[in-house]
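Work through the following exercises with the coordinates at hand. Each task is followed by a solution in steps.

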Amino acid sequence: MKTLGGLQFWSDVRYFREWRIQRHVYTGHFRLIDPKNHRFAFGSLETCLAKLAEIKQSNNLAPMSGKAVIVVHGILRTSGTFAAMCPALRKAGYAVIEFEYPSTRFGIVDAADDLRQVIESLEGIEEINFVVHSMGGLVVRASLKEHRDLRIKRMVMLAVPNQGAEMADLLRWSYTIRFLLGPAVRQLVTDRDGLIPTLPTPDFEFATIAGARGHQSGFNPFIPGDDDILVTVASAQLPGAADSMTVRAFHRFIPGNAAAIDATIRFLQTGSLRPDGTRQPIPRETEHSPQSAVE
């Protein structure tokens, strides 16, 4: 049976060469779908795992190997967010894993648990990297709180509200917004006692790319400082980043921005966003050292 691949009701929990086992967010049932989103099994996790093992054997599928990039989308989005990014990553030699999760149906911690299961299922992969957009970066950070895979090498964070999203502060009291965006929208706020301040900073190399107008007033007059309409440059910063930069783009379009794509691949390969190899790191905050600004 042909499916839609997940959208906002199914979450990936296992992955093998574009075959995915997904869990339904409401019923808890599992299904196995192929690279073209056809369903091959439905029911328990054990049923789907058994069917996948049968398919591996009958099709003589070799184990996975090499370097992988897991792309993680943000709220109200799907992996289609990376439609321009994924082909470029594949051309650069990476196996691309498009993690799907129902971003409007459950919270950041639940998504992080499913991401952890996907990572653990990547047997044979020698190196894991991440490219994340918006809330997707918080999902990765939340996953690191419970599990740290030693194969993880680098991550590029695209417009991730690492300090919370001021727009979420404005919208979280709206019943309509809460209905449309689900529980995660209340976790995106800039509350010092909220979820985001409890998330760990990655202990591997990562870079931040923020969307900006290039002017202190930004694109959005309702939030302070330069911004990409939804996330400010200041919020996208995360102390400890090995490199950082901005691109002139709206929030939604940053993963498809040509400069962002080039910089992302360059960082994954070399550890620098810029062609000349220079870096603009964001120093970790200390009691006497405030967070530095990016360009």
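**Exercise 1.** State the volume of the largest pocket and describe its lining.

*Solution.* The largest pocket holds about 430 Å³ of space. A pocket is here an open set of points on a 1 Å grid over the protein atoms alone where a 1.4 Å probe fits, with protein on both sides within 12 Å along at least five of seven lines; lining residues have an atom within 4 Å of a point. The volume is the space filled by probe spheres set on the points. Next, 19 residues line this pocket, and Ile75, Ser134, Leu181, Leu230 and His251 are the closest to its centre. By class, 13 are nonpolar, 4 polar and 2 charged (Ala, Val, Leu, Ile, Met, Phe, Trp, Tyr, Cys and Pro count as nonpolar, Asp, Glu, Lys and Arg as charged, the others as polar).

The model is predicted: local features need pLDDT of at least 70, side-chain atom pairs pLDDT 80 or more, while totals for chains, interfaces and linings use all residues. Numbering starts from 1 along each chain, and side-chain values use heavy atoms, without hydrogens and water.

**Exercise 2.** Give the volume of the second largest pocket and the classes of its lining residues.

*Solution.* The volume is about 370 Å³. Of the 15 lining residues, Asn162, Gln163, Ile196, Pro197 and Glu285 are the closest to the centre. The lining divides into 6 nonpolar, 5 polar and 4 charged residues.

**Exercise 3.** Identify the charged group over the ring of Phe267.

*Solution.* The charged end of Arg154 sits there, 5.9 Å from the ring centre (the criterion is NZ of Lys or CZ of Arg within 6 Å of the centre and within 35 degrees of the ring normal). Likewise, Arg31 lies over the face of Trp10, 4.0 Å from the ring centre.
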